[in-house]
Amino acid sequence: MLSRICSRSRFSPASPEPWLFVGLGNPGDKYKGTRHNVGFEMVDAFAESLGISMGDLHCKAIFGKGLVKGVPVFLAKPQTFMNLSGESSGPLGAYYKLPLNRVIVFHDDMNLPCGVLRLDPKGGHHSHNGLKSVIYHFRGNREFPRLRIGIGRPAGQMDPKVFLLQKFNATARERIDVALNEGVDALKQLVSEGLMETARWFNSQQKYKHIRSRTVPE
């Protein structure tokens with residue numbers, strides 16, 4: 001059963017500044033395992049790796065918190081449905097008074113091959129409705145990092161909306177599972193070593209993975 005958080009967490013001036021990780025997706029069993037929900041899956045994989053319970057309800061999100069080498073990390077899965085993700089992520093960032101460079105949004109990306117990841121310090125929405133909502137509720141500010149999770153593009157004339165709400169086939173599912181593990185490792189390093197340093201080596205590794213993936217059928 002989810003419990004509600006009613007009081008503000010406080011940190012002493014000497015405490016490391018927290019990170020907020022927000023995974024985008026749609027709530028409910030109907031959408032579990034679909035391409036559009038890989039942001040949720042990344043949050044769950046990170047939480048599981050650290051034994052963090054996602055048992056709270058906070059700012060319209062399923063919420064959990066833990067520590068990575070002494071640094072507080074907040075995890076959130078907005079339950080507003082994808083197109084209204086900002087209704088949760090905006091208030092969460094404001095609640096903890098975090099600068100946007102400490103808020104990382106995980107989301108699916110059709111512009112990357114399936115299973116390829118990329119860490120970006122900022123960017124636009126690229127027609128992703130979840131990101132559009134997040135940017136809107138950050139008062140138009142796009143200066144927040146993202147972990148983009150490649151899901152590939154639909155084949156032929158398939159409607160992208162249908163593609164996003166389909167589950168992965170066996171080959172794609174295997175790629176995504178590998179990617180989730182790689183993402184968890186990168187996020188742990190990011191917390192301890194910083195975004196830019198982590199992004200440099202991680203994106204370089206993923207670039208070569210990108211090249212290899214072109215020769216593997218979806």
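Helix α3 (residues 129–137) has Gly130, Leu131, Ser133, Val134 and Ile135 buried, where buried means under 20% relative accessible area, exposed over 50% and partly exposed in between (1.4 Å probe, protein chains only). The model is predicted: local features need pLDDT of at least 70, side-chain atom pairs count only at pLDDT 80 or more, and totals for chains, interfaces and linings use all residues. Residues are numbered from 1 along each chain as its sequence is written, and side-chain values use heavy atoms, with hydrogens and water left out.

**Helix α3**

- The buried residues of α3 pack against α2, β6 and β8, with contact taken as heavy atoms within 4.5 Å.
- Helices (H or I, at least four residues) and strands (E, at least two) are DSSP runs, numbered from the N terminus.
- Arg139, which follows α3, has a positive phi near 60°.

- The whole structure holds 10 salt bridges, each defined as a side-chain nitrogen of Lys or Arg within 4 Å of a carboxyl oxygen of Asp or Glu.
- One of them joins the side chains of Arg102 and Glu17, at 3.9 Å from N to O.
- Arg102 sits in the loop between α2 (86–95) and β6 (103–109) and Glu17 in the loop between β1 (3–4) and β2 (19–23), so this pair ties together parts that are 85 residues apart in sequence.
- Arg102 is buried, at 17% relative accessible area, whereas Glu17 is partly exposed, at 38%.
- Arg148 and Asp109 form another salt bridge, their closest N and O atoms being 2.6 Å apart.
- This pair also links distant parts of the chain, with Arg148 in strand β8 (residues 146–150) and Asp109 in strand β6, 39 residues apart.
- Both partners are buried: Arg148 has a relative accessible area of 16%, and Asp109 has 7%.
- Asp109 and Arg148 belong to a network of salt bridges that also includes Arg118 and Asp120.

- Arg173 pairs with Asp177 in a salt bridge whose closest N and O atoms are 2.9 Å apart.
- The two residues, Arg173 and Asp177, are 4 residues apart in helix α5 (residues 170–193), so about one helical turn separates them.
- An α-helix has 3.6 residues a turn, so residues three or four places apart point the same way.
- Arg173 is partly exposed, with 22% relative accessible area, and Asp177 is likewise partly exposed, with 36%.
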